[in-house]
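Please read it alongside the sequence and the model.

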Amino acid sequence: MIQSKRLLWLLCLNASFLVRAESSASAPAGLPSADTAIICAKDNAADCYPRLFEPTKDFQVIREGQNIPPGLHVRLDVNTGVKEARLNIPIEGEEAGTLEGIPVEQAMVVVESDEIISSETSSPQPEEEAIQKALRDHHNKKPPPYEAAGKIQPPPPTGEDIGKFEKAKLTLAMEGRVFDSALDDLKELSHDLYYGLEIAKDGPVLEKLVCLILGSGTEKFHAKDNKRDQKAAAILASAVQNNPTALKEVAAMSRMVFSPTCGTELPAPKNNNFVRILRNRLGREKDPATLKSKVAAISGLLKDETIRSSFLESDGMELLLAIWLKKGGQWDTTRAKVADAVMDNFLDEDLGAVLGVWPKEAVEESAVCEEKGKMLTDGCWEHHIGSFLKTSPTSSWAEDLLKSLQRERKKLKVEVKHQEL
């Protein structure tokens, strides 16, 4: 009993030490630390609170967007979905009601170590040496891989949505008479984690959606009629948004997604792929809302490393820049979606972007970026964003994109290309 309490004390001391160490080392020089960063509720700008949850001995509600230090006692109200946390320390008067009928020692979870301290097989060590050993063992441990989503539970089998969903999938795959109604139903249900996952797991349905996005329908159902291509893009974007399990399923079929076998109106996959087909057909895109939905679908897919690598290797950033350069104010909402895609995936780490993947080249001179054959190169993004800001100076999202891109470009430590002497 004494040995168990000593081990619990060591683990708590260990967790407290690591929280203090991580908090002090996480914030780079010149930036506010995670301890002082403030976030505000989406629906009430006056309701602000620290980004880092500050635990006490009492349970407190964990607010949306708050980071939780390790080693806390966290509980979930299954009726309301509210999560609360407090310091993981013994509270006076609480021990008896913790787990009635179960010894307190058995409620502990001990991480396995290469060396186990046993009161039966090892002689007691001095207290200070034991603390140092526990700290060394914990510091050398690698945490288990983080899974952003737990098991996705299916809806009740008696629900109306499950029948509607299965019928819609079958209709889409078989090109049934109510094809458009099936797309509408899938669009409505794809926001749900379960249905989004089921769409991602269904190869024929997934390929049909990709082909519609690329502008390839069938003899009976043309992609551009009734905005079928826009609906397909919205379905795919919703299915993978904030749904890492669904995205993993799509990534497992990335070859099919990137080079689908569509109708005869599209080139054979051997000679083309998702990016090149969209790039070649960009002139046919006349509806800003439809193209915006397609950019949203691309952005969601880019969260996967395999798809992102294929996208960059196929000059996918040229595609996004070509979309940015569509002429006319009616395309501003589409441009804003392009900005979101670039920020979310390449420039803003807080939004899940992987830094250092793009950009890779130096900034081009403005004269070069005005040449028809070179205007879509990676080094021309700053020029085209700057040109847009001259005509739309109040577009703060474009200014944020430009500043973030310039910050990342500086890390390359390369000079401007084609510098005139």
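Buried means under 20% relative accessible area, exposed means over 50%, and partly exposed lies in between (1.4 Å probe, protein chains only). The model is predicted: local features need pLDDT of at least 70, side-chain atom pairs count only at pLDDT 80 or more, and totals for chains, interfaces and linings use all residues. Residues are numbered from 1 along each chain as its sequence is written, and side-chain values use heavy atoms, with hydrogens and water left out.

## Disulfides

A disulfide is a covalent bond between the sulfur atoms of two cysteines. Here the criterion is a pair of cysteine sulfur atoms within 2.5 Å. By this rule there are 3 disulfides. Counting bonded cysteines along the chain, the pattern is 1-2, 3-4, 5-6.

| Pair | S to S distance |
|---|---|
| Cys-40 and Cys-48 | 1.9 Å |
| Cys-211 and Cys-262 | 2.0 Å |
| Cys-369 and Cys-380 | 2.1 Å |

Helices (H or I, at least four residues) and strands (E, at least two) are DSSP runs, numbered from the N terminus.

Take Cys-40 and Cys-48. The torsion about their S-S bond is about 90°, so this disulfide is right-handed. Cys-40 is partly exposed at 37% relative accessibility. Cys-48 is also partly exposed, at 38%.

The link of Cys-211 and Cys-262 is left-handed, with -90° about the S-S bond. Cys-211 sits in helix H6 (residues 203-213), while Cys-262 sits in the loop between helix H9 (254-258) and helix H10 (274-280), so the bond ties together parts that are 51 residues apart in sequence. Cys-211 is buried, with a relative accessible area of 6%. Cys-262 is partly exposed at 22%.

For Cys-369 and Cys-380, the torsion about the S-S bond is about -95°, so that disulfide is left-handed. Cys-369 belongs to helix H15 (residues 366-369) and Cys-380 to the loop between H15 and helix H16 (381-391); the two are 11 residues apart. Both Cys-369 and Cys-380 are buried.

## Helix packing

Two packed helices are described by the angle between their axes and the distance between the axes. Axes are lines fitted to C-alpha atoms, for helices over the stretch in contact, and angles run from 0 to 180 degrees between N-to-C directions.

Helix H11 (residues 288-301) and helix H14 (residues 332-347) have axes that come within 9 Å and cross at roughly 5°. That makes H11 roughly parallel to H14, since angles under 35 degrees count as roughly parallel, over 145 as roughly antiparallel, 65 to 115 as roughly perpendicular and the rest as oblique.

Which residues meet? From H11 come Pro-288, Leu-291, Lys-292, Val-295, Ala-296 and Ser-299; from H14 come Thr-333, Thr-334, Lys-337, Val-338, Ala-341, Asp-344 and Asn-345. Contact means heavy atoms within 4.5 Å. By class, the contact of H11 with H14 has 6 nonpolar, 4 polar and 3 charged residues. Ala, Val, Leu, Ile, Met, Phe, Trp, Tyr, Cys and Pro count as nonpolar, Asp, Glu, Lys and Arg as charged, and the others, Gly among them, as polar.

Helix H5 (residues 193-201) is mostly covered, with 7 of its 9 residues buried. Among them are Tyr-194, Tyr-195 and Glu-198. The buried residues of H5 pack against helix H3 (160-174), helix H4 (179-189), H6, helix H7 (228-240) and helix H8 (244-252).

Glu-408 is found in helix H17 (residues 396-410). Glu-408 is buried, with a relative accessible area of 5%. Neighbours within four places in sequence aside, Glu-408 is in contact with Leu-347, Leu-355, Gly-356 and Pro-359.

## Sheet

Two strands pair if DSSP finds at least two bridges between them. An open sheet of 3 strands runs in the order S3-S5-S4, with antiparallel pairing. Strand S3 (60-61) and strand S4 (72-76) stand at the edges, each with a single partner strand, so one side of each has no neighbour in the sheet. S4 and strand S5 (residues 83-87) pair over 5 bridges. Leu-72 stands opposite Leu-87 in S5.

## Backbone details

Pro-359 lies in the loop between H14 and H15. A cis peptide bond joins Trp-358 to Pro-359, with omega about 5°.

Asn-226 is in the loop between H6 and H7. Its phi is positive, near 55°, in a residue other than glycine. Asn-226 is partly exposed at 48% relative accessibility. Lys-227 lies in the loop between H6 and H7 and has a positive phi of about 55° although it is not a glycine. Lys-227 is partly exposed at 42%.
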